[in-house]
Number of protein chains: 2
Amino acid sequence: MGEQWNRTEEQFMNYVKEMSQYGEAISLMAWDLRTYAPKNGVEGRSDVIATLSQKVHQMATSDEMKGYIEALKGHTKDEIIQKSIEECEKEYNKHSKIPSDEYKEYVSLQAKSEAIWEEAKEKNDFDMYRPYLEKMVEYNKRFAEYWGYEKHIYNALLDNFEPGVTVDVLDEVFPAVRKSLTDLLQQIQKSDVHPDPSLLTGHFPKEQQEAFSLEILNRMGYNFEGGRLDETVHPFAIDLNQGDVRVTTKYDEKDFRTAVFGTIHEGGHALYEQNISPKLAYTPLAGGTSMGIHESQSLFWENFVSRTEAFWKNHYELFLSHAPESFQHVKFEDFYRAVNEVKPSFIRIEADELTYCLHIMVRYELEKALINDEIEVKDLPELWNDKMEEYLGIRPKNDQEGVLQDVHWSGGAFGYFPSYALGYMYAAQFHNTMKKDLDVEEVIGKGDFEQIRKWLTENIHQYGKMKKPLEILEGVTNEKLNPTYLVDHLREKYQKIYQF
Amino acid sequence: MGEQWNRTEEQFMNYVKEMSQYGEAISLMAWDLRTYAPKNGVEGRSDVIATLSQKVHQMATSDEMKGYIEALKGHTKDEIIQKSIEECEKEYNKHSKIPSDEYKEYVSLQAKSEAIWEEAKEKNDFDMYRPYLEKMVEYNKRFAEYWGYEKHIYNALLDNFEPGVTVDVLDEVFPAVRKSLTDLLQQIQKSDVHPDPSLLTGHFPKEQQEAFSLEILNRMGYNFEGGRLDETVHPFAIDLNQGDVRVTTKYDEKDFRTAVFGTIHEGGHALYEQNISPKLAYTPLAGGTSMGIHESQSLFWENFVSRTEAFWKNHYELFLSHAPESFQHVKFEDFYRAVNEVKPSFIRIEADELTYCLHIMVRYELEKALINDEIEVKDLPELWNDKMEEYLGIRPKNDQEGVLQDVHWSGGAFGYFPSYALGYMYAAQFHNTMKKDLDVEEVIGKGDFEQIRKWLTENIHQYGKMKKPLEILEGVTNEKLNPTYLVDHLREKYQKIYQF
């Protein structure tokens with residue numbers, strides 16, 4: 001590889017490699033800050049991250065980069081270089097269209113706003129956060145104008161997280177899904193079956209949770225020679241380089257579900273990064289193609305593998321071998337029902353498989369309206385609570401469990417939330433296609449995850465950013481985004497559990 | 001601070017801050033490689049370290065740096081800036097005098113040579129390593145000529161590790177020390193007292209060793225809010241920034257001494273870095289002033305605190321509370337004697353407090369002769385063994401336990417070894433002065449280490465590189481390098497133990 005590159009191509013590839021290398025250093029510092037870094041070093045370390053990030057930003061927007069784009073775009077025979085140039089051009093345009101003073105103000109406001117949000121959440125005080133959120137909305141509207149868009153201003157923001165997906169797509173799909181899910185929720189709530197999650201909350205020592213989680217990660221095909229599992233407060237997976245993709249988790253000794261399902265979820269993200277083609281290493285293409293496709297991978301493992309009956313039938317003995325005494329009398333059927341309880345709740349990240357998407361709808365509708373000047377920041381708390389009541393049937397008592405719960409908006413991440421719901425739909429759609437190639441239930445039942453991992457690698461992982469999200473989706477499933485599979489999957493699953 | 005800086009001063013300080021920040025990222029990557037990094041990521045990570053190191057090297061030798069040196073040297077009223085400029089100038093000269101092609105060849109050879117050394121050591125094959133070592137000697141001789149020196153070519157290399165110390169100084173001090181130590185060794189070997197180290201090698205679970213080590217680190221005043229203790233293969237301490245100075249250790253369940261004395265040793269290094277004046281943060285002065293002074297700090301804690309009778313009298317109960325059953329019957333006197341056994345052995349890093357310096361003399365004499373063309377690389381194995389026999393009375397059976405044991409020469413670190421022996425002498429000399437201010441034995445006996453830590457911080461730590469090593473030594477002790485204190489300390493200690 002690279003033998004046939006001309007001088008400019010070689011210089012460009014070295015240039016983006018250097019950018020990736022700075023990125024790797026930044027990622028390691030971020031991992032360290034969230035796992036092991038002692039308190040007193042945090043401030044200095046954050047400044048180092050800022051310095052290196054600025055360096056990467058400078059390289060992404062430099063005249064040298066502009067030169068490469070002009071010289072190579074459409075003038076290279078190497079597909080990796082062509083796609084890399086396209087990625088770089090997108091970044092370049094995004095940044096060069098924002099006046100640099102304005103961008104600097106924004107970055108500085110971002111940090112401030114996130115800090116204030118954290119305090120406001122703790123104090124349950126929306127008003128102290130409001131002026132910052134208003135500014136974040138203003139900046140994002142202005143940036144969207146700089147970037148340009150077709151039809152809807154919100155499309156410019158969506159493009160940052162899920163390129164190719166537009167308001168038209170979402171507005172066609174989301175309301176239908178919402179309707180189906182709320183119908184399903186009502187049927188579940190009318191059911192006489194009442195799973196008992198209290199069965200699951202016995203004391204479960206951390207070491208034993210860890211041993212079980214490691215065993216499952218291992219069975220999923222997560223490569224420990226190219227990764228590790230550590231403890232953190234807000235779990236994440238992170239790729240440092242292709243040979244070093246780490247998973248983190250959190251242990252709640254009163255509820256093993258946090259660690260077990262959390263580790264499997266992050267393990268799904270990590271499998272994606274571990275299995276990108278080595279040809280893409282240290283290029284701008286060496287990463288998941290979008291937030292939504294990434295989430296489809298974590299959710300595939302979490303919902304379509306580890307929350308299934310087949311999975312627990314196969315792993316219940318292993319689970320019990322790690323679980324403390326108090327779990328030994330829990331019958332399999334009760335266990336399976338309990339880990340799949342559906343119950344509307346206020347906090348998105350604690351939501352069950354069914355209501356999760358409804359939380360996303362609330363956010364999507366509100367942020368789209370904010371960016372489109374249809375509503376004002378000051379009215380958000382009320383509007384949030386109204387929508388929660390409408391879709392989930394419960395009304396937050398305060399903003400802490402309402403509009404203040406998520407960090408995203410405080411950092412200006414508008415257009416991000418839809419990715420989560422898209423991830424659910426993609427996962428269901430992939431699952432449906434996979435069933436044509438594999439007897440998925442049987443494979444899960446046998447614990448033969450390598451077949452699943454291989455299918456995902458072959459169809460999705462390997463491409464990194466070589467393919468756009470919808471290109472992946474349509475290429476794999478031979479159809480456009482189709483939410484039917486998610487709704488069908490949930491209906492079938494819960495009909496069986498709740499017997500309606 | 002910084003309020004009164006002019007524009008050039010401010011730019012310079014930002015410039016060196018950025019260099020330090022790259023250094024911090026490099027250090028974290030190095031720490032990670034030696035503690036937690038999974039195998040498959042190592043190659044990529046090493047390349048990232050190389051890229052960032054090159055960046056720092058470019059900044060240290062840039063025209064911009066040259067400009068700052070010319071503009072500010074002798075033209076600033078700020079002492080920190082003046083000293084920083086002096087450090088930068090030294091680096092600048094060192095690098096700019098070497099033709100860049102030659103330096104590049106050297107760096108590439110270095111990596112190769114270290115790898116070959118590792119293999120040669122494993123295979124006990126000096127001949128495969130010899131051509132690389134010959135080249136490393138040649139390069140270092142050439143570099144020494146580029147850099148220039150007074151009197152002895154080896155002085156140019158010494159200056160890299162212990163600025164101010166010359167062959168004249170060493171040749172005045174080392175032979176006398178050697179004579180005293182070999183005399184002392186003979187007296188010990190004639191003694192009827194025979195410590196029994198087998199008392200110490202009972203099974204000692206890692207977790208219990210760790211708990212005891214953490215407790216001692218804590219008592220030493222090591223700040224865990226600004227550091228942590230991790231496990232590694234070759235223990236080290238590393239400063240990432242002033243609020244994040246980490247210690248690593250190794251647990252041998254058959255010999256607790258590795259972890260306990262090792263942790264205390266590295267803890268001594270860490271205390272130095274943790275207590276440098278915050279005014280020096282992110283300047284070229286934010287670090288220990290030399291290898292020798294650094295080693296004086298680790299050795300102070302290891303030998304003048306933790307290997308003393310007073311220390312063990314105070315901590316023996318704590319020790320036993322962590323130690324397994326098999327230690328409970330060991331009498332204090334036998335324990336203390338056993339941890340202080342003197343016994344000539346082949347491997348430097350396993351040597352006792354007395355014979356360690358003799359190992360260093362062997363290396364110093366050989367490397368000085370090599371650089372001065374008095375001996376040839378091919379004759380090293382024989383010469384090494386001859387000197388070991390002469391000074392320690394034992395002859396290595398092979399090169400693995402002889403000339404191949406240390407990594408230093410393979411990486412071109414000639415002039416480094418004397419720092420270890422200097423560290424011993426500095427420590428003894430500091431100890432002698434400290435005794436005038438504190439009743440050190442009583443303080444240790446009470447476990448009141450804070451007084452010792454404070455004294456070391458006030459007299460040594462705080463200055464970082466603001467003072468040169470001999471400036472520190474002479475400033476604190478009011479005399480020149482004087483090896484009498486080390487010899488006296490050892491004689492007094494071993495007379496008591498070995499009763500001669």
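Which helices are included in what covers the buried residues of α4(B)? In this predicted model, the cover includes α1 (7-35), α2 (42-60), α3 (63-72), α5 (100-123), α6 (126-147) and α7 (154-161) of chain B.

**Helix α4 of chain B**
- Helix α4 comprises 18 residues, 79-96, and at 1.5 Å a residue it should span 26 Å. Its end C-alpha atoms lie 25 Å apart, which agrees with that expectation.
- At the N-terminal end, α4(B) is capped by B:Asp78, which places a side-chain oxygen 2.9 Å from the backbone nitrogen of B:Ile80.
- B:Ile80 is itself one of the buried residues of α4(B). Others among them are B:Ile81, B:Ile85, B:Cys88 and B:Tyr92, together with B:Glu87, B:Glu89 and B:Lys94.

**Relation between the chains**
- Chain B is superposed on chain A by a rotation of 180° with 0.0 Å of shift along the axis, at an RMSD of 0.0 Å.
- The two copies are therefore related as by a two-fold rotation axis.
- In chain B, the C-alpha nearest this axis belongs to B:Ala25, at 3.2 Å.
- Because 100% of the interface residues of chain B are also interface residues in chain A, the copies meet through the same surface.

**The largest nonpolar core**
- In soluble globular proteins, nonpolar side chains tend to be buried together.
- The largest nonpolar core here has 336 residues, and those touching the most other members are A:Trp312, A:Phe319, B:Trp312, B:Phe319 and B:Ile452.
- Leaving aside residues up to four places away in sequence, B:Ile452 touches B:Phe300, B:Trp301, B:Val305, B:Met434, B:Leu438, B:Val440, B:Val443 and B:Ile444.

Note on methods. Residues are numbered from 1 along each chain as its sequence is written. Chains are lettered from A and ligands numbered from 1 in the order in which they are written. This is a predicted model: local features need pLDDT of at least 70, side-chain atom pairs count only at pLDDT 80 or more; totals for chains, interfaces and linings use all residues. Side-chain values use heavy atoms; hydrogens and water are left out. Helices (H or I, at least four residues) and strands (E, at least two) are DSSP runs, numbered from the N terminus. The expected span of a helix is 1.5 Å times one less than its number of residues. Buried means under 20% relative accessible area, exposed over 50%, partly exposed in between (1.4 Å probe, protein chains only). Contact means heavy atoms within 4.5 Å. A polar contact is a pair of N or O atoms within 3.5 Å; within protein, one must be able to donate a hydrogen and the other to accept it, and residues adjacent in sequence count only if both atoms are side-chain atoms. Copies are superposed by least squares on the C-alpha atoms of residues with pLDDT of at least 70 in both. A nonpolar core is a set of buried Ala, Val, Leu, Ile, Met, Phe, Trp, Tyr and Cys residues joined through side-chain atoms within 4.5 Å.
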